[in-house]
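Got the viewer open and a selection tool ready? Then let's take a walk through this one, stop by stop.

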Amino acid sequence: MRSSLTLVGTLWAFLSLVTAVASSTSYFLPYWLFGSQLGKPVSFSTFRRCNYPVRGEGHSLIMVEECGRYASFSAIPSLAWQMCTVVTGAGCALLLLVALAAVLGCCMEELISRMTGRCMGAAQFVGGLLISSGCALYPLGWNSPEIMQTCGNVSNQFRLGTCRLGWAYYCAGGGAAAAMLICTWLSCFAGRNPKPVMLVESIMRNTNSYSMELDHCLKP
(Lines give C-alpha, C1' and ligand atoms only; values in the text may rest on other atoms or scores of the structure.)
Protein backbone atom coordinates (compact mmCIF):
# COMPACT_ATOMS: atom_id res chain seq x y z
CA MET A 1 0.00 0.00 0.00
CA ARG A 2 1.65 3.21 -1.23
CA SER A 3 1.26 6.60 0.40
CA SER A 4 0.60 9.84 -1.44
CA LEU A 5 2.69 11.68 1.17
CA THR A 6 6.40 12.25 1.45
CA LEU A 7 8.30 11.61 4.68
CA VAL A 8 7.70 15.23 5.63
CA GLY A 9 4.06 14.71 4.67
CA THR A 10 3.76 11.83 7.13
CA LEU A 11 5.04 14.11 9.88
CA TRP A 12 2.58 16.75 8.73
CA ALA A 13 -0.32 14.29 8.92
CA PHE A 14 0.65 13.27 12.46
CA LEU A 15 1.00 16.86 13.68
CA SER A 16 -2.24 17.83 11.93
CA LEU A 17 -4.08 15.11 13.83
CA VAL A 18 -2.48 16.10 17.15
CA THR A 19 -3.25 19.81 16.79
CA ALA A 20 -6.81 19.17 15.62
CA VAL A 21 -7.55 16.79 18.51
CA ALA A 22 -5.92 19.13 21.06
CA SER A 23 -7.90 22.18 19.91
CA SER A 24 -11.20 20.34 19.49
CA THR A 25 -10.98 18.54 22.84
CA SER A 26 -10.17 21.80 24.60
CA TYR A 27 -13.13 23.44 22.86
CA PHE A 28 -15.56 20.96 24.40
CA LEU A 29 -14.04 20.88 27.90
CA PRO A 30 -15.31 23.46 30.46
CA TYR A 31 -11.86 24.32 31.81
CA TRP A 32 -11.05 27.62 30.12
CA LEU A 33 -11.61 29.69 33.26
CA PHE A 34 -11.40 28.79 36.96
CA GLY A 35 -12.97 30.66 39.89
CA SER A 36 -15.09 30.03 42.97
CA GLN A 37 -18.62 30.79 44.11
CA LEU A 38 -20.22 30.06 47.49
CA GLY A 39 -17.01 28.33 48.52
CA LYS A 40 -17.12 25.88 45.63
CA PRO A 41 -14.78 25.74 42.61
CA VAL A 42 -16.38 26.85 39.34
CA SER A 43 -15.08 26.51 35.79
CA PHE A 44 -16.22 27.74 32.39
CA SER A 45 -15.59 27.30 28.70
CA THR A 46 -17.48 29.28 26.06
CA PHE A 47 -20.71 27.25 26.19
CA ARG A 48 -20.24 24.90 29.16
CA ARG A 49 -19.92 25.32 32.92
CA CYS A 50 -19.08 23.19 35.95
CA ASN A 51 -20.91 23.89 39.26
CA TYR A 52 -23.71 26.47 39.27
CA PRO A 53 -26.01 28.02 41.93
CA VAL A 54 -29.72 27.22 42.24
CA ARG A 55 -32.44 28.31 44.65
CA GLY A 56 -32.92 25.83 47.48
CA GLU A 57 -35.44 25.67 50.28
CA GLY A 58 -36.02 29.03 51.93
CA HIS A 59 -34.80 30.82 48.77
CA SER A 60 -31.19 30.21 49.76
CA LEU A 61 -28.57 29.55 47.09
CA ILE A 62 -26.94 26.15 46.91
CA MET A 63 -24.29 24.92 44.48
CA VAL A 64 -25.05 22.03 42.16
CA GLU A 65 -21.75 20.24 41.57
CA GLU A 66 -22.03 18.98 38.01
CA CYS A 67 -20.94 20.00 34.53
CA GLY A 68 -23.20 20.80 31.60
CA ARG A 69 -23.80 23.12 28.68
CA TYR A 70 -26.05 26.15 28.73
CA ALA A 71 -29.70 25.39 27.99
CA SER A 72 -29.69 27.44 24.79
CA PHE A 73 -27.34 29.50 22.67
CA SER A 74 -28.90 32.72 23.97
CA ALA A 75 -28.23 31.58 27.56
CA ILE A 76 -24.45 31.88 27.04
CA PRO A 77 -23.44 34.74 29.40
CA SER A 78 -22.21 37.30 26.84
CA LEU A 79 -22.30 38.15 23.14
CA ALA A 80 -18.51 37.81 23.01
CA TRP A 81 -18.73 34.21 24.26
CA GLN A 82 -21.48 33.44 21.74
CA MET A 83 -19.24 34.70 18.94
CA CYS A 84 -16.31 32.78 20.42
CA THR A 85 -18.38 29.57 20.42
CA VAL A 86 -19.23 29.89 16.72
CA VAL A 87 -15.80 31.03 15.52
CA THR A 88 -13.82 28.48 17.54
CA GLY A 89 -16.17 25.65 16.58
CA ALA A 90 -15.77 26.48 12.87
CA GLY A 91 -11.99 26.51 13.23
CA CYS A 92 -11.94 23.14 15.02
CA ALA A 93 -14.18 21.58 12.35
CA LEU A 94 -11.85 22.81 9.61
CA LEU A 95 -8.77 21.43 11.36
CA LEU A 96 -10.45 18.06 11.88
CA LEU A 97 -11.43 17.78 8.19
CA VAL A 98 -7.88 18.53 7.06
CA ALA A 99 -6.44 16.10 9.60
CA LEU A 100 -8.77 13.33 8.40
CA ALA A 101 -7.76 13.89 4.77
CA ALA A 102 -4.07 13.97 5.76
CA VAL A 103 -4.35 10.66 7.61
CA LEU A 104 -6.13 9.07 4.64
CA GLY A 105 -3.29 10.32 2.45
CA CYS A 106 -0.90 8.09 4.40
CA CYS A 107 -2.56 4.95 3.04
CA MET A 108 -4.05 6.05 -0.30
CA GLU A 109 -1.94 6.64 -3.37
CA GLU A 110 -2.47 9.79 -5.48
CA LEU A 111 -4.87 11.30 -2.93
CA ILE A 112 -2.73 14.31 -2.03
CA SER A 113 -0.51 16.02 -4.59
CA ARG A 114 1.94 18.84 -3.92
CA MET A 115 -0.67 21.45 -4.86
CA THR A 116 -3.44 19.74 -2.86
CA GLY A 117 -1.21 19.66 0.20
CA ARG A 118 -0.59 23.39 -0.07
CA CYS A 119 -4.31 24.08 -0.37
CA MET A 120 -4.93 21.97 2.74
CA GLY A 121 -2.20 23.93 4.52
CA ALA A 122 -4.01 27.15 3.64
CA ALA A 123 -7.19 25.67 5.13
CA GLN A 124 -5.25 24.84 8.30
CA PHE A 125 -4.04 28.42 8.51
CA VAL A 126 -7.63 29.66 8.28
CA GLY A 127 -8.76 27.14 10.92
CA GLY A 128 -5.99 28.15 13.29
CA LEU A 129 -6.78 31.81 12.68
CA LEU A 130 -10.44 31.23 13.57
CA ILE A 131 -9.54 29.48 16.82
CA SER A 132 -7.05 32.23 17.69
CA SER A 133 -9.76 34.82 17.04
CA GLY A 134 -12.04 32.91 19.41
CA CYS A 135 -9.35 32.95 22.10
CA ALA A 136 -8.95 36.70 21.58
CA LEU A 137 -12.71 37.24 21.91
CA TYR A 138 -12.97 35.22 25.12
CA PRO A 139 -11.69 37.95 27.52
CA LEU A 140 -14.34 40.37 26.21
CA GLY A 141 -16.95 38.39 28.13
CA TRP A 142 -15.36 38.68 31.54
CA ASN A 143 -17.54 41.67 32.45
CA SER A 144 -20.80 39.67 32.36
CA PRO A 145 -22.65 39.39 35.71
CA GLU A 146 -22.27 35.60 35.83
CA ILE A 147 -18.49 35.81 35.48
CA MET A 148 -18.20 38.71 37.93
CA GLN A 149 -20.02 36.69 40.60
CA THR A 150 -17.42 33.96 40.18
CA CYS A 151 -14.42 36.30 40.05
CA GLY A 152 -15.02 38.32 43.21
CA ASN A 153 -17.18 41.00 41.51
CA VAL A 154 -14.01 42.75 40.34
CA SER A 155 -13.52 41.20 36.92
CA ASN A 156 -13.84 43.17 33.71
CA GLN A 157 -12.83 42.84 30.08
CA PHE A 158 -9.23 41.55 29.99
CA ARG A 159 -9.13 41.62 33.81
CA LEU A 160 -9.84 38.37 35.65
CA GLY A 161 -10.08 39.53 39.25
CA THR A 162 -9.82 36.48 41.50
CA CYS A 163 -10.23 33.99 38.62
CA ARG A 164 -7.49 32.43 36.50
CA LEU A 165 -7.24 31.02 33.02
CA GLY A 166 -7.45 27.24 32.73
CA TRP A 167 -5.26 24.77 30.89
CA ALA A 168 -7.87 24.12 28.19
CA TYR A 169 -7.66 27.76 27.04
CA TYR A 170 -3.89 27.48 26.60
CA CYS A 171 -4.24 24.09 24.90
CA ALA A 172 -6.73 25.46 22.36
CA GLY A 173 -4.51 28.45 21.63
CA GLY A 174 -1.38 26.31 21.41
CA GLY A 175 -3.03 23.88 19.00
CA ALA A 176 -4.17 26.78 16.82
CA ALA A 177 -0.70 28.33 16.78
CA ALA A 178 0.93 25.01 15.86
CA ALA A 179 -1.58 24.51 13.04
CA MET A 180 -0.96 28.00 11.66
CA LEU A 181 2.83 28.02 11.91
CA ILE A 182 4.15 24.44 11.79
CA CYS A 183 1.49 22.47 9.91
CA THR A 184 0.99 25.16 7.28
CA TRP A 185 4.72 25.19 6.55
CA LEU A 186 5.05 21.40 6.46
CA SER A 187 2.08 21.12 4.10
CA CYS A 188 4.15 22.79 1.35
CA PHE A 189 6.30 19.64 1.19
CA ALA A 190 3.66 17.04 2.09
CA GLY A 191 2.36 15.78 -1.25
CA ARG A 192 4.27 13.83 -3.87
CA ASN A 193 4.79 15.33 -7.31
CA PRO A 194 3.38 13.05 -10.05
CA LYS A 195 6.13 11.20 -11.88
CA PRO A 196 6.56 12.32 -15.53
CA VAL A 197 6.08 8.75 -16.83
CA MET A 198 2.86 8.31 -14.86
CA LEU A 199 1.63 11.69 -16.05
CA VAL A 200 2.29 10.82 -19.73
CA GLU A 201 0.60 7.43 -19.32
CA SER A 202 -2.43 9.09 -17.77
CA ILE A 203 -2.67 11.59 -20.64
CA MET A 204 -2.29 8.83 -23.27
CA ARG A 205 -4.89 6.66 -21.53
CA ASN A 206 -7.40 9.51 -21.46
CA THR A 207 -6.64 10.38 -25.11
CA ASN A 208 -7.12 6.79 -26.27
CA SER A 209 -10.37 6.52 -24.35
CA TYR A 210 -11.66 9.70 -25.96
CA SER A 211 -10.62 8.50 -29.45
CA MET A 212 -12.43 5.20 -29.00
CA GLU A 213 -15.61 6.94 -27.87
CA LEU A 214 -15.41 9.38 -30.80
CA ASP A 215 -14.84 6.56 -33.28
CA HIS A 216 -17.80 4.64 -31.87
CA CYS A 217 -20.05 7.68 -32.25
CA LEU A 218 -19.00 8.29 -35.87
CA LYS A 219 -19.64 4.72 -37.03
CA PRO A 220 -22.98 4.27 -38.86
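Start by selecting T85. Leaving aside its neighbours within four places in sequence, T85 is in contact (heavy atoms within 4.5 Å) with Y27, T46, F47, F73 and I76. You'll find T85 in helix 2; helices here are DSSP runs of H or I with at least four residues, strands are runs of E with at least two, and both are numbered from the N terminus. Is T85 buried or exposed? Its relative accessibility is 9%, so T85 counts as buried. For that label the cut-offs are under 20% relative accessible area for buried, over 50% for exposed, and partly exposed in between, with a 1.4 Å probe and protein chains only.

Now show the side chains of T85 and T46: a polar contact of 3.1 Å joins them. A polar contact is a pair of N or O atoms within 3.5 Å; within protein, one must be able to donate a hydrogen and the other to accept it, and residues adjacent in sequence count only if both atoms are side-chain atoms.

A quick word on what you're looking at: this is a predicted model, where local features need pLDDT of at least 70 and side-chain atom pairs count only at pLDDT 80 or more, while totals for chains, interfaces and linings use all residues. Residues are numbered from 1 along each chain as its sequence is written, and side-chain values use heavy atoms, with hydrogens and water left out.

Zoom out and colour by secondary structure. The protein chain has 6 helices and 5 strands, and from the N terminus on they run α-β-β-β-β-α-α-α-β-α-α. Of its 220 residues, 38% are buried. Among contacts with a separation of 6 or more, 64% are between residues 24 or more positions apart.

The crossing of helix 1 and helix 2 is left-handed, meaning that the near helix is turned anticlockwise from the far one by less than a right angle (clockwise would be right-handed). To see where they meet, pick residues including W12, S16 and Y27 in helix 1, and T85, G89 and L96 in helix 2. The contact of helix 1 with helix 2 has 12 nonpolar, 6 polar and no charged residues. In this count Ala, Val, Leu, Ile, Met, Phe, Trp, Tyr, Cys and Pro are nonpolar, Asp, Glu, Lys and Arg are charged, and the others, Gly among them, are polar.

**Helix 1 and helix 5**

Residues to click here include V8, L11 and W12 of helix 1, and A168, C171 and G175 of helix 5. By class, this contact has 14 nonpolar, 5 polar and no charged residues.

**N51**

Move on to strand 3 (residues 48–55) and select N51. What does the side chain of N51 have 2.5 Å from one of its polar atoms? Look for the backbone oxygen of P41. N51 is buried, with a relative accessible area of 10%. Not counting residues up to four places away in sequence, N51 touches P41, V42, M63, V64, E65 and E66.

Last stop: the loop between helix 4 (145–150) and strand 5 (164–165), where N153 lies. Most residues other than glycine have a negative phi. N153, though not a glycine, has a positive phi of about 60°, and N153 is exposed at 53% relative accessible area. F158 is found in the loop between helix 4 and strand 5 too. F158 is not a glycine, yet has a positive phi of about 65°, and F158 is exposed with a relative accessible area of 55%.

P139 sits in the loop between helix 3 and helix 4 and counts as buried at 6% relative accessibility.
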